[in-house]
Amino acid sequence: MKAIFEKYLPPGLAVRLSQLESQTAVARATLGDELRHELAACAAYIPSRLVHSHLAHPQPGRISGHLWHGSLVFADLSGFTEFCEKLSVLGKQGAEEVSGVVNRLFNALVADVLAYHGELLKFGGDALTAFFDAETLGLDHASAATLAALAMQASMAGFAALETRAGTFRLRLRVGVHSGQVFAAEVGSSHHIELVVTGADVNLVARAQKYAAPGEVIISSQTADLLREATLTARHDGFYQVTALPDITCSPPPRPFSTTVSNGTEDLESLALRVAALRPYLVYRLPRRYLGDSAAEIGEFRPVSVLFANFCDFSSLLTRFGEDMDLAAAALNAYFRRIQAAVHHYGGIVNKVDMYIHGDKLMALFGAPSANENDPLRAVSCAFDLDTALEEANTEIAALIPPAPAALPSEAIPRLKQRIGINTGTVFAGRVGGGRRYEYTVMGPAVNLSFRLMEAASEGVILLSPATRAEVSRFVAVIDQTPIAIKGVADPIVPAHALKEHGGPISLGPTSLPQVPLIGRDAEFSRLLKNAREALQGIGRVLAIVGEAGTGKTRLTEELVRTW
């Protein structure tokens, strides 16, 4: 148990849990309150079915796969790019307005999902994914999903004329609904676990959403077949626009989970084990300010390099694993864990893995929630490493696929492919949501441009925006491409194909400098180290390091972090 706590919990909690037997009743009560707060804070970022699963049977670091049967809703916000772009020039005031609108919108849409017993899976950027489970809703799952989608469109009336300091804006929603079977995999490592929903049926709901115009709900023929008395209009390739559907009665929603336990040793360790199981689902190294009750309700505009990678076609691999969904999850993880390790190596985070019309798309951030030197260069260097990661993953996946029965002809093993787009610019970043669910996300034109570059890239190609190209061209060989028109961008842009790094490994800032001994600060360093150890034992205090510029304040704190 101690090893698990040290691996998954903040150091201060892990140390105090190791000293439970010697703690006073007051200290135990304080620790219990902190664990309950930590559990609730983590749970707010995680789909409820995963929370309940780990509360019942906590398994820190679980990698698993399951088939879910039901209906998916995929909603995409239009009008938000211009809204975010215009308000970004207002600095903090603009960030306050964007935060207020996003949180109000998020709460309204999530309320519509929950009213019909749906489950929010992801809210990232300007898109939302929800699932309506056939196991709990029975044959009504398609009706519940469609009614929730129509309710979401009705809620958008409150965002049709947003008065702001930068003018009046209209936000609209494009929604797709599809019913079928979803492969849900928990993949990653102890650093971060991501829920990935994928498969052919997931690609279909993305296609339904693409066919929807702003203000419309488009459903697949599979969903239409499950509805009663729906008002439908035929659209593209077996999809329909739905405008009306009789309401259904849903049973009361399930109660929120409870964390009420005593402060005995076994109960506190059990509570800590549940915290350890949930923490990996948070964004990697998410600053603790986002876990508080106020948790930086105001987002911020900050420079970020955004990397989108489209990988496909995992759906064709799924059929090769039969009913062994854990093995299928292991195959998906062969790709994801390598991609994630490369992103983390260069100081970035995997912010989300989401559906796409062809395969799936992964978004990595360099510069949010924490910035590094040379974030654009880090993003491009990471993209080069992703090519190697892909080849290694395909080799491991091929070894995992069970051999075909002797009576059947052997087939070539499908190989994953990828294409990448990278852009650098100012994004809105922060915690969005409220009530029972939050997400850390980024939004804005810079995010959309990265996605569009990914769409424009060919298989195996890394496309850079002009902004990213300008930041890295001294270090990376590039070839300018033919100008392309990008949705949401007034003029055509000239993307650059990133080919390779010039020379050897690229220096990524102070982390690549050789370590030299700290001289002349033994007394100060010893005091810092002593207070850091006491803080981990529950005796905290604030220390101020004061000195003239250039006297070594930063060097002293770097040595503490490195030593610790």
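Helices (H or I, at least four residues) and strands (E, at least two) are runs assigned by DSSP and numbered from the N terminus. The views below come from a predicted model, in which local features need pLDDT of at least 70 and side-chain atom pairs count only at pLDDT 80 or more, while totals for chains, interfaces and linings use all residues. Residues are numbered from 1 along each chain as its sequence is written, and side-chain values use heavy atoms, with hydrogens and water left out.

**View 1. The loop that holds P369 contains a cis peptide bond.**
P369 belongs to the loop between strand 13 (360–366) and helix 14. The peptide bond that joins A368 and P369 is cis, with an omega of about 0°.

**View 2. A cis peptide bond links C312 and D313.**
The bond from C312 to D313 is cis, and its omega is near 5°. D313 sits in the loop that runs between strand 11 (300–312) and helix 12 (314–318).

Two strands are said to pair if DSSP finds at least two bridges between them. Strand 1 and strand 6 (residues 172–188) are antiparallel partners over 15 bridges, and L77 stands opposite L173 of strand 6. Strand 1 is also joined by seven bridges to strand 3 (residues 127–133), again in the antiparallel sense, with V73 having A130 of strand 3 as its bridge partner. Of the 15 residues in strand 1 (residues 64–78), 12 are buried, so this strand is largely enclosed by the rest of the structure; here buried means under 20% relative accessible area, exposed means over 50%, and partly exposed lies in between (1.4 Å probe, protein chains only).

**View 3. Helix 8 is mostly covered.**
Helix 8 (residues 141–155) has 13 of its 15 residues buried. From its first C-alpha to its last, helix 8 reaches 21 Å, which is close to the 21 Å expected at 1.5 Å a residue, where the expected span is 1.5 Å times one less than the number of residues.

**View 4. Helix 13 and helix 14 cross at roughly 160°.**
The axes of helix 13 (residues 325–345) and helix 14 (residues 375–400) come within 9 Å and cross at roughly 160°, the axes being lines fitted to C-alpha atoms, for helices over the stretch in contact, with angles from 0 to 180 degrees between N-to-C directions. That angle makes helix 13 roughly antiparallel to helix 14, a term for angles over 145 degrees. The contact, meaning heavy atoms within 4.5 Å, includes L327, A330 and Y335 of helix 13, and C382, D385 and L400 of helix 14. Helix 13 passes helix 14 in a right-handed crossing, that is, the near helix is turned clockwise from the far one by less than a right angle.

**View 5. Helix 4 packs against helix 11.**
Helix 4 (residues 48–56) and helix 11 (residues 265–278) pack at about 145°, and their axes are 9 Å apart. Their crossing is right-handed, and L50, V51, H54, L55 and A56 of helix 4 meet R274, A277 and L278 of helix 11.

E229, a residue other than glycine, has a phi near 60°, and it lies in the loop between helix 10 (221–224) and strand 9 (231–234). With a relative accessible area of 71%, E229 is exposed. R285 is not a glycine either, yet its phi is positive at about 55°; R285 is placed in the loop between helix 11 and strand 11 and counts as exposed at 66% relative accessibility.

Notes: Parallel < 35°, antiparallel > 145°, perpendicular 65-115°, else oblique.
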